[in-house]
Amino acid sequence: MPQEHLDSEVLERSPVSSLRAEAIARIRNSLRPGQQQMADWQSGPLAISAVPGAGKSTGMAAAAAIAIARQYERSAQSGSSLRRQLVVVTFTRSAAANIKAKIRKYLRDDLSLPQTGFFVYTLHGLALNIASRYPDLSGLQLEYATLITPTQSHRFIRTAVEQWIGNNPERYLRLLEGHQFDGEETERLRRQSVLRTEVLPELANTVIHEAKSSGISQELLQEWSQQTTDEYAILSVAAGLYEQYQNLMRSRDFIDYDDMILAALRVLENDSARRIEQNQVFAVFEDEAQDSSPLQTRLLEILASNSEEDTKTRGRGDAGTTRITPNSPLPTPNSSLPTLHSALNLVRVGDPNQAINSTFTPADPIYFRQFCQECDRIQRLATMDRAGRSTRIIIEAANFALKWINNQWSATKPNPDAMNRVSTKSPFDNRQAPFRLQTIRPVDAGDPQTNANPVAVGRGLELYTPHDIHHTVELLSQRAIELFGEDPTKNSAAILVRENRQGRWLAEALAPVCKEHNITLYDVGERDRRSHVPQEILALLQFCDRPHSPDYLKAALEALVQRQLIPTQDLNALASLPEEFLYPSPLAAPQAEPVQKAAHLCRSLLRARLELPLYQLISFLALTLNYDQAELATADKLAERVNQQIASNSSMRSMLSALSEIVSSERFEPVETEDSEERYTRRGQLTIITMHKAKGLDWDYVFIPFLHENLIPGRFWVPPQSQFLGDFTLSEVARAQIRAALHGESTIPDVTQAWELAKQLKISEEYRLLYVAMTRAKLLLWMSAAQKAPFTWSKPENLQEQAPCPVFPALKRQFPECVFTSAMIAK
């Protein structure tokens, strides 16, 4: 939105008292232009497209506080006893806690208002809140339902595969034959194993999540499959697997996260319930809007609609669709763009260039781009393009990478004729390009941010080409020692990696150096392992159940050593003779003190197994393991889940079975604490963290090693064991076909086209991930691509020549003064 379109009369028109108007003006004047446009919102739709470091959360918190103040005054003037609330929605629990604290601070310190009038939710938290208050409408009986996050190895997925095979022998036989088969029995058995344990579970897991979170039914998938001509009928197979999975979930009263959204939408189908919910809300503010799925967007739009006009304006889908149901058509980026009505009080803030979840979740940045395009047409699009986080050369490097990648994409885009049919008037028209052409700009002089666009450390950007990964560690550690040398507690630093395996290898390689120079090394991947609480609890419970098993005893001892509850010692010697270790006879040799300590702790676990009721065991073990606050909360969540699941058959055997399934085939989400971001960005600490997890964080110094083409942008790789089906994977083809249908393409692509589309999606997202990583740095961005690196980081010792990420040589050409050669390093 151009500056001249800003409403200069906003404050005068606002129904607020003069004192509060002055307070609002002070808050507004402390914001940047893009943030001010958000603060000026009073009604209707508004899209905010923000660059990294632009202050989205600060701007949203200020705008939310101002909107709440105005709503307080409206309620007071109208004399209404019904006080509507502002609903703020964000992506993670830690982000929700962060923005809630900021809004409260504005209300308390700047506006002198009660810290009420708003709710902050994650999207799934909002859906669960609605669904749980209307169990008869939502169909969710939470006291009986069990929430799971299944992986492809979950028993429901495996059972769905087996049931589909039993019901569709001919289709299965066609998959077994592949594109060539000589009938040899050994090969048949091998292919059966691959299909049953890898190919079909992966297809089921991908399609179920993709379709379910987009409101696509099994019946609609079957309809779409009739538009395809591939020999395997991939979408039809996927629809059958989806149907079997849903039947299993319903029969066992299990739900997943997508069921929460669908349940909330079922509630809002009811006219009375919908009016009740809408009458409690005066607006919805959404952060990280680029990461929303279609159904999540629909839920927010219904809540943000004026209840009186909702009947006329609901269902922004295809023409003729007026009733929103989980299976009704979704708005499509290729359909005629609907007119955003003024009754939609929805503010969506996001950055399409930071959409990094679309290849493993149903989030698709194309929908936020569409929303921005619609708002742009009615002059309701604001751009937050000024960022004070990074020094200028880092901003220049990020802007260059964005433009270079888009130029490369334009030169090789798969369907130029289709692109030429799109008008180029709006920056959102090239919907499938990796980036929206949005340039980061430094802030103006006098910006309220302290030390905005700080002075660079050294050259601000350093580009290295080490000989191999060991040389990379040498150079990286040398630079870290220099940076932390004068005052280790003054600055923060992070190493951003593409894979957790790289992080583990780096942590081992850097540990001695960091210890020698008193640098705190924090490996996020090691500390925040998703399943370590269930794994450790399972290990101790298996020991309590069978204490005479050497394997179970050793696993329990390993958990105790890991938690530093017993000294490190030869566990094999202890576990080889469990009886002698636990209950030594009078004639046995005296045990050493470390052994006695370990034996005493193990005996206390066995005594607890005998004395405590089963439902208290997990909580007791969590206390025994000396868990911190977040781990204890995660253990309580685990205990509640397990006890609910085994309520009808409470026994140690059923508890172990439930825990084993969670550990082996679910992504059990830990409970996040409000200080998680602080733990990652502490001063004096060198944090090893993945690029995905680094989103939303920043550090003074950022190291990005191992920038190789095989990882960024990577290559689509068909596992050798499944190549009998062809040079593609069924799951990625199905995902691309579903998205093409959701995007309103005139035809569903065939297998070859879908595989190419899937490649483009992967490449685009990997480049956006690199852009996110680069924009985490404030004072120094250190990047490297070693000449020799592993082909796979599961075998880091196998080094071979590796091509650098394509954007890395381009950066070296664009910023030659930032290139560090071996000769320069030697000096």
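Val-88 stands opposite Phe-285 of strand 6, in a model that is predicted. The strands concerned, strand 2 (residues 85-90) and strand 6, run parallel and are joined by five bridges. Phe-285 also has a bridge partner in strand 7, namely Val-347.

- Strand 6 covers residues 281-286, and six of its six residues are buried, so the strand is mostly covered.
- On one pairing, strand 6 is joined to strand 2 by five bridges, with Val-88 opposite Phe-285.
- On the other, strand 6 pairs with strand 7 (residues 346-350) over three bridges, again in the parallel sense.
- Phe-285 therefore takes part in both pairings, facing Val-88 and having Val-347 as its bridge partner in strand 7.

- Seven strands form an open sheet in the order 11-12-10-13-14-9-17, and their pairing is parallel.
- Strand 11 (520-523) and strand 17 (819-820) are at the edges; each has a single partner strand, so one side of each lacks a neighbour in the sheet.
- Within this sheet, strand 13 (residues 699-704) and strand 14 (residues 777-784) run parallel and are joined by five bridges.
- Val-702 has Leu-781 of strand 14 opposite.
- Helix 35 (residues 751-774) packs on the sheet and touches strand 10 (493-497), strand 13 and strand 14.
- The direction of helix 35 makes about 130 degrees with that of strand 14.

**Buried helices**
- Helix 4 runs over residues 56-78, and its 23 residues should span 33 Å at 1.5 Å a residue.
- The end C-alpha atoms of helix 4 are 32 Å apart, which agrees with that expectation.
- Because 17 of the 23 residues of helix 4 are buried, the rest of the structure largely encloses this helix.
- Helix 34 (residues 730-742) has 13 residues and reaches 18 Å from its first C-alpha to its last, close to the 18 Å expected at 1.5 Å a residue.
- Helix 34 is mostly covered, with 13 of its 13 residues buried.
- Gly-744 follows helix 34 and has a positive phi, near 80 degrees.

**A helix pair**
- Helix 11 (residues 218-225) packs against helix 12 (residues 234-252) at an angle of about 170 degrees, and their axes are 8 Å apart.
- Angles over 145 degrees count as roughly antiparallel, so helix 11 is roughly antiparallel to helix 12.
- From helix 11, the contact is made by Gln-218, Leu-221, Gln-222, Trp-224 and Ser-225.
- From helix 12, it is made by Leu-235, Ser-236, Ala-239, Gly-240, Tyr-242, Glu-243 and Gln-246.
- In an α-helix there are 3.6 residues a turn, so residues three or four places apart point the same way.

**An exposed residue**
- Asp-136 lies in helix 7 (residues 135-138).
- Asp-136 counts as exposed because its relative accessibility is 73%, and the cut-off is over 50%.
- Asp-136 and Val-267 are 131 residues apart along the chain, while their C-alpha atoms are separated by 8.6 Å.

**The protein as a whole**
- The protein contains 37 helices and 17 strands.
- Of its 827 residues, 56% count as buried.
- Among contacts between residues at least 6 apart in sequence, 80% join residues at least 24 apart.
- The accessible surface comes to about 35600 Å², and carbon and sulfur atoms account for 48% of it.

Technical notes. Residues are numbered from 1 along each chain as its sequence is written. This is a predicted model: local features need pLDDT of at least 70, side-chain atom pairs count only at pLDDT 80 or more; totals for chains, interfaces and linings use all residues. Side-chain values use heavy atoms; hydrogens and water are left out. Helices (H or I, at least four residues) and strands (E, at least two) are DSSP runs, numbered from the N terminus. The expected span of a helix is 1.5 Å times one less than its number of residues. Buried means under 20% relative accessible area, exposed over 50%, partly exposed in between (1.4 Å probe, protein chains only). Contact means heavy atoms within 4.5 Å. Accessible areas come from the Shrake-Rupley method with a 1.4 Å probe; for residues, only the protein chains shown count as cover. Two strands pair if DSSP finds at least two bridges between them. Axes are lines fitted to C-alpha atoms, for helices over the stretch in contact, and angles run from 0 to 180 degrees between N-to-C directions. Angles under 35 degrees count as roughly parallel, over 145 as roughly antiparallel, 65 to 115 as roughly perpendicular and the rest as oblique.
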